[in-house]
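Dear colleague,

I am handing over the structure we spoke about. Please open it first, then read my notes below.

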Amino acid sequence: MLEVHEITISQAQDGFKSGRFSAKELTAAFLDRISQWDKTGPRINSTMALSKMALEEASELDDYLKENGKLKGKLHGIPVLIKDQADTRGMVTTYGSGVAKNNIPDEDAFVVTKLKAAGAVILGKTTLAEWASVWFSANGATDYEFTKNPYNLGHDVGASSGGSGAAVAANFTILAVGEDTGGSIRVPSSFCNIVGLRPTTGLISRAGFCPLIKVQDTPGPMARTVTDCALMLDCMVGFDPKDEFTGVAATAAALGLPKGGSYAAFLRDGVEKIKKARIGVVRQKFGPDSDPYCGAVNKVVLAAIDKLRKAGTTFIDVHIDNIDHYMIYPLTYLQRSRSDINSFLATKAHLPQDLADILPEKSDKPYLNMTCAIAHGPKDPKDDPTYLDRILQRDEFKRKVDCLIASLGLDALTLPDVRVPPPRFEDATNGRFMKVGEEDFPTNTFLASVIRHPAISVPAGFTEDGLPVGMELIGLEYQEQSLLELAYGVEVIVGGRRAPPEPL
């Protein structure tokens, strides 16, 4: 069987063009790994429905290359897994809920269509949290089986794009689609030692995705390298008349973005760019060193910062007034997620039409209590008297962050994606992340989510216990290309990525 460990887009396509192996052989190798290590063996449990057409579609791409002497598109023959939040024609798509176990869409989400047009081979679907709304990987569609972390099988992968993170890390695919509302690309990327980008909301269409908070939701690429992440982004962005938020994508195109015609065009300049960069360190959101979990993360991120500083990067500690308040209060899960999900259910007549009819008011699984609260929130967000104030404060926070970055001449902000390493499965139920009866998961990803700015997670290294840690870079709107270039520099200088241990 073909060896596919850590293979990149470039390496795969070089193999196709030289005749060393075919797209069909590459697809078969990844499907074999999924069968051997994900569905059985250690059973990582990162994938759900698998495509019955993947080998045939890969073979058609091989025929195309032979007949035309060129690749069909940027992702010709590249295996991709899709988060099960997105519709995929002919494949069971559950949105992380047991009620949709038999749901088979008759058309693809817009992003899936674009990936196929670029030549990608869709292998199947990946696990996600219940309705993409929980920080742990278990959901009703998998009978609440967690997804195992490839670096330590007793630990979780984070959520809600946990299956995508685990599958990329464990070499079950080259690329995966994630979706990020409050951190659902960046948390699993941090916990699984991969690269994950949350783009500016509206750069990528959400049509065909079950929403969570429509004004924050965005799909994004997940990969093992910054280069592959950038190349995948090229094939995901674009205007879609079915998603009016993608006026953002039209604006980006009108501004001539990405420069050079690809988000990967100037990545190699990233090493010099990061050496000359001014990065603001949001030290307020590092956890206390007195906490052993936070201390372990701080040690890894600060070591990465030290490597970069020695290479020439300028780091400046920044302060944001009332940051804890601004990162939580403007979130509107409880005010509008029920309404947003119900608007999607209205397009699926065979499914229940109200989230409140699917979930109880309180669950016997503590990690689902937030989801249950969402389900029984107002049918119309405007019925919540705090809704307007939350929106106004969200926009105020965005202005404060924009002005901070501009006034200090910063290229980006940085902080740990999450203040702790990947938690153990029992932490979902033992109260570790509960504070005064409320969930208090120590993520920092809300910062970029609230202001709807692009942010990228790049591997920073590992704790002494061998658990992955990511560092996040946050830019201004439309700065995806700059962030990817900076992340490339981090990737080269810090070198925080490594493959999972045996047997994976």
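Alanine 109 sits in the loop that runs between β2 (79-83) and α4 (110-117). Please keep in mind that this is a predicted model. Is alanine 109 buried or exposed? Its relative accessible area is 0%. The cut-off for buried is under 20%, so alanine 109 is buried.

What does alanine 109 touch, apart from neighbours within four places in sequence? Its contacts are Ala86, Asp87, Ala207, Gly208 and Phe209. Arginine 206 is 97 residues away from alanine 109 along the chain. Even so, the C-alpha atoms of alanine 109 and arginine 206 are separated by 7.7 Å.

Next, helix α5. It covers residues 162-169. Eight of its eight residues are buried, so the helix is mostly covered. Among them are Gly162, Gly163, Ser164 and Gly165. Ala166, Ala167, Val168 and Ala169 are buried as well. Which elements cover the buried residues of α5? The cover includes the strands β2, β3 (121-126), β4 (175-180) and β6 (218-223). Helix α6 (186-192) is also part of that cover.

Both sides of α5 deserve a look. Just after the helix, asparagine 171 takes a positive phi of about 60°. A cis peptide bond joins alanine 159 to serine 160, with omega at about 10°.

Leucine 153 is found in the loop between β3 and α5 too. Its relative accessible area is 37%, which makes leucine 153 partly exposed. Leaving out residues up to four places away in sequence, leucine 153 touches Pro42, Ile44, Lys148 and Phe425. Phenylalanine 425 is 272 residues from leucine 153 in sequence. In space, the two are 9.5 Å apart, C-alpha to C-alpha.

Now the loop between α2 (23-38) and β1 (47-50), where arginine 43 lies. Arginine 43 is not a glycine, yet its phi is positive, at about 50°. Asparagine 45 is found in the loop between α2 and β1 as well. Asparagine 45 is not a glycine either, and it has a positive phi of about 65°. How covered are these two residues? Arginine 43 is partly exposed, at a relative accessible area of 31%. Asparagine 45 is buried, at 4%.

There is a cis peptide bond towards the end of the chain too. It joins glutamate 502 and proline 503, and omega is about 5°. Proline 503 has its place in the segment after α16 (480-494).

Arginine 399 is found in helix α14, residues 387-407. Its relative accessibility is 49%, and arginine 399 counts as partly exposed. The cut-off for exposed is over 50%. Arginine 399 and glutamine 284 are 115 residues apart in sequence. Their C-alpha atoms are 19 Å apart in space.

Now the core. The largest nonpolar core has 157 residues. Which residues have the most contacts inside it? They are Leu115 and Leu484. Leucine 484 touches Leu197, Val226, Cys229 and Ala230, among others. Leu233, Tyr263, Leu267 and Ile456 are also touched by leucine 484. Residues up to four places away in sequence are not counted there.

Last, the chain as a whole. How many helices and strands does it have? There are 16 helices and 13 strands. The radius of gyration is 21 Å, close to the 23 Å that the globule rule gives for 504 residues, so the chain is as compact as a globular protein of that length. Along the principal axes, the C-alpha atoms fill a box of roughly 60 × 55 × 45 Å.

Buried residues make up 63% of the 504 residues. Take the contacts with a separation of 6 or more: 76% of them are between residues 24 or more positions apart. The chain exposes about 18300 Å², and carbon and sulfur atoms supply 52% of that. As for charge, there are 55 positive and 64 negative side chains. The centres of the two sets lie 3 Å apart.

Best wishes

Note on methods: Residues are numbered from 1 along each chain as its sequence is written. This is a predicted model: local features need pLDDT of at least 70, side-chain atom pairs count only at pLDDT 80 or more; totals for chains, interfaces and linings use all residues. Side-chain values use heavy atoms; hydrogens and water are left out. Helices (H or I, at least four residues) and strands (E, at least two) are DSSP runs, numbered from the N terminus. The radius of gyration is taken over C-alpha atoms; the globule rule is 2.2 Å times the number of residues to the power 0.38. Buried means under 20% relative accessible area, exposed over 50%, partly exposed in between (1.4 Å probe, protein chains only). Contact means heavy atoms within 4.5 Å. Accessible areas come from the Shrake-Rupley method with a 1.4 Å probe; for residues, only the protein chains shown count as cover. Lys and Arg count as positive and Asp and Glu as negative; His and the chain ends are not counted. The place of a charge is taken as NZ of Lys, CZ of Arg, CG of Asp or CD of Glu. A nonpolar core is a set of buried Ala, Val, Leu, Ile, Met, Phe, Trp, Tyr and Cys residues joined through side-chain atoms within 4.5 Å.
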